[in-house]
Amino acid sequence: MSDYDNTNRGAMFPNKYKEDGDKKPDHTGNVNVEGKEFKIAAWQSTSKAGNAYLSVKITEPEVSGSEGNNDLVPF
């Protein structure tokens, strides 16, 4: 078991697969919320007022095979 508790923490890194002009996120990573792991993605943007901000999307990780949950609805 890890000596470090990752509960309610996460990390994001620059997306090395992002190319100019595509809609892939600028940063991707994982986040733990109350012991459950999620994927996190962020896009750098600028508001109409000229302020820089990050737009964030959090999704449940994809599961493969018979473990899949067909009740999940993507957003």
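**Before you start.** This is a predicted model, where local features need pLDDT of at least 70, side-chain atom pairs count only at pLDDT 80 or more, and totals for chains, interfaces and linings use all residues. Residues are numbered from 1 along each chain as its sequence is written, and side-chain values use heavy atoms, with hydrogens and water left out.

**Stop 1: the whole chain.** Show it as a cartoon. You will find 0 helices and 4 strands (DSSP runs numbered from the N terminus: helices are H or I with at least four residues, strands are E with at least two). Along the sequence the pattern reads β-β-β-β.

**Stop 2: the sheet.** Now select the strands. They form an open sheet in the order β1-β2-β3-β4, with antiparallel pairing (two strands pair if DSSP finds at least two bridges between them). Strands of a sheet pair through backbone hydrogen bonds.

**Stop 3: the edges.** Select 10-14 for β1 and 52-59 for β4. Each has a single partner strand, so one side of each is left without a neighbour in the sheet.

**Stop 4: the surface.** Switch to a surface view. Of the 75 residues of the chain, 13% count as buried (under 20% relative accessible area, with a 1.4 Å probe and protein chains only).

Conventions
Buried < 20%, exposed > 50% of the residue type's maximum accessible area, 1.4 Å probe, protein only.
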